Amino acid sequence: MPTLLLNASEVVTCEGPPRARRAPEMTDAGVRANAAVAMGDDGRILAVGPDRELRAQYPGSAEIDCARGVLTPGFVDSHTHAIFGRSRHAEQELRAAGVGYMEIAKRGGGIHSSVRDLRERSEDELVALAASRLARLAAHGSTTIEVKSGYGLSLESELRTLRVIRRLAAELPVRLVPTFLGAHEIPLEYREAPRTREDYIALLVEEMLPAVARESLARFCDIFCEPGVYSAAEARRILGAARGHGMALKLHADELEHAGAAELAAEIGATSADHLAAVSELGIKALAASGTVATLLPGTMLFLGRSKQAPARAMLDAGCAIALASDFNPGTSPTVNFPLILTLGVSQLRLSVAEAFVAATVNGAAALGLAHEIGQLAPGFSADVALFDVEDHREIPYWYGDHRCVATWVRGRKVLPAGQWKT
């Protein structure tokens, strides 16, 4: 039996071609006033149209009153680090005192702190911690969530993390996309003799990637390409090996300093290049001429106290396809609130509301290679829908930090907010 979502003040459809959108396409989010959405038994969108038309077209359907709220595609959060143990709240105070990101890392904090913690936790413990966090992400309207490894930095711990993601994908009603990020950092034990960074890179290429591929644990391979972490040459080697094992590619690119990572991402055909706060003009041109989606993470730079965000308007003007994501992680972006990311997209990146919605849905889907399946409310697409307690879609980024999402559906099945999963 079809289900009708009726009595909505607006439906943000983002309807259009199943690919990443660029300017000026991003200025149209396909907003329809006084519309309804029909979802089929197969978990796909049947139609979007006036209430009366859909009732006539699908008689006997189940009906849900949206109480004059706004329906949108479920947000596609294409960059998260949701598998971790304890928080890193002490680092926020260090940054406020002027201690930089790289200095915190040198002191054994940052990513290394999360690595020590994760290595001590069992698979069941990590599943329980992550399930609660993913429920909170879904409660704010996210229906597809990319989840990275990267806090293990050993063969055993990285595989355990990816198995946790696989378990969660099977048990939870949201759609999860797994990414292998064994090249998140050089672990501390490979920084002094007898083991070297070259030994760790060899471990990544010769043992970790083959093991991940044998178990089909990851769709993507990512790397933190940044001065002081992995060089462009090292990234090329590791990502080339990942491609040889059938993985699609992503990069943490030019986050804090320019490293030529955006240019590399475009050259090797990466699905996305993420962060880009320090991208160069050449990097922008390379991305604009490529099929690589530029995924911007404004929550990270805000939380780090950085005044410089990614140059979103210059990127749009150059022809880049831009996505927005939360970068949910324990150290530099501990937020589960995707509408807050929309707020930052508008207020910090100077996107229009329509551009922010397209970046959070269709282009987020393209950043995961899923634009043919999710990211828009149009016939044939997955019925991934979010309902917000507002009358105008522009209020979603306006009420910044507020929790206005009242329901989500994934593949046509209702996902209740506030951490309660029901299928």
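Is Arg411 buried, exposed or partly exposed, and what is its relative accessible area? Arg411 is partly exposed, with a relative accessible area of 40%, where buried means under 20% relative accessible area, exposed over 50%, and partly exposed in between, for a 1.4 Å probe and protein chains only. The structure is a predicted model, in which local features need pLDDT of at least 70 and side-chain atom pairs count only at pLDDT 80 or more, whereas totals for chains, interfaces and linings use all residues. Residues are numbered from 1 along each chain as its sequence is written, and side-chain values use heavy atoms, with hydrogens and water left out.

Arg411 is found in the loop between strand 17 (405-410) and strand 18 (413-415), helices (H or I, at least four residues) and strands (E, at least two) being DSSP runs numbered from the N terminus. The phi of Arg411 is near 55 degrees, a positive value in a residue other than glycine. A positive phi, of about 65 degrees, is also computed for Arg68, which is not a glycine. Arg68 has its place in the loop between strand 6 (62-65) and strand 7 (70-73), and at 33% relative accessibility it counts as partly exposed.

One joins Ala23 and Pro24, with omega about 0 degrees, and Pro24 lies in the loop between strand 2 and strand 3 (31-33). Another joins Ala193 and Pro194, with omega about 10 degrees, and Pro194 is found in the loop between strand 10 (175-183) and helix 7. Most residues other than glycine have a negative phi, and most peptide bonds are trans.

Ser9 is found in the loop between strand 1 (3-6) and strand 2 (10-12), and is buried, with a relative accessible area of 9%. From C-alpha to C-alpha, Ser9 and Ser149 are 40 Å apart in space, and they are 140 residues apart in sequence.

The largest nonpolar core has 111 residues, and those with the most contacts inside it are Leu168, Tyr230, Leu251 and Leu276; such a core is a set of buried Ala, Val, Leu, Ile, Met, Phe, Trp, Tyr and Cys residues joined through side-chain atoms within 4.5 Å. Helix 7 (residues 197-214) gives the most to this core, with nine residues. A second, separate core of 16 residues includes Leu5, Ile45, Leu71 and Ala407. When neighbours within four places in sequence are left aside, the contacts of Leu251 include Asp222, Ile223, Cys225, Leu239, Ala261, Leu264, Ala265 and Ile268. Helix 14 (residues 353-360) is mostly covered, eight of its eight residues being buried, and among these are Val353, Glu355, Phe357 and Val358.

Helix 6 (residues 155-171) and helix 7 pack at an angle of about 25 degrees, with their axes 10 Å apart; axes are lines fitted to C-alpha atoms, for helices over the stretch in contact, and angles run from 0 to 180 degrees between N-to-C directions. That makes helix 6 roughly parallel to helix 7, since angles under 35 degrees count as roughly parallel, over 145 as roughly antiparallel, 65 to 115 as roughly perpendicular and the rest as oblique. Leu155, Glu158, Leu159 and Leu162 of helix 6 make the contact with Glu207, Met208, Ala211 and Val212 of helix 7. The residues of this contact between helix 6 and helix 7 divide into six nonpolar, no polar and two charged, with Ala, Val, Leu, Ile, Met, Phe, Trp, Tyr, Cys and Pro counted as nonpolar, Asp, Glu, Lys and Arg as charged, and the others, Gly among them, as polar.

For helix 9 (residues 261-268) and helix 10 (residues 281-288), the packing angle is about 20 degrees and the axes are 8 Å apart, which makes helix 9 roughly parallel to helix 10. In this pair, Ala262, Glu263 and Ala266 in helix 9 meet Leu282, Gly283, Ala286 and Leu287 in helix 10. The residues of the contact of helix 9 with helix 10 comprise five nonpolar, one polar and one charged.

Technical notes. Contact means heavy atoms within 4.5 Å.
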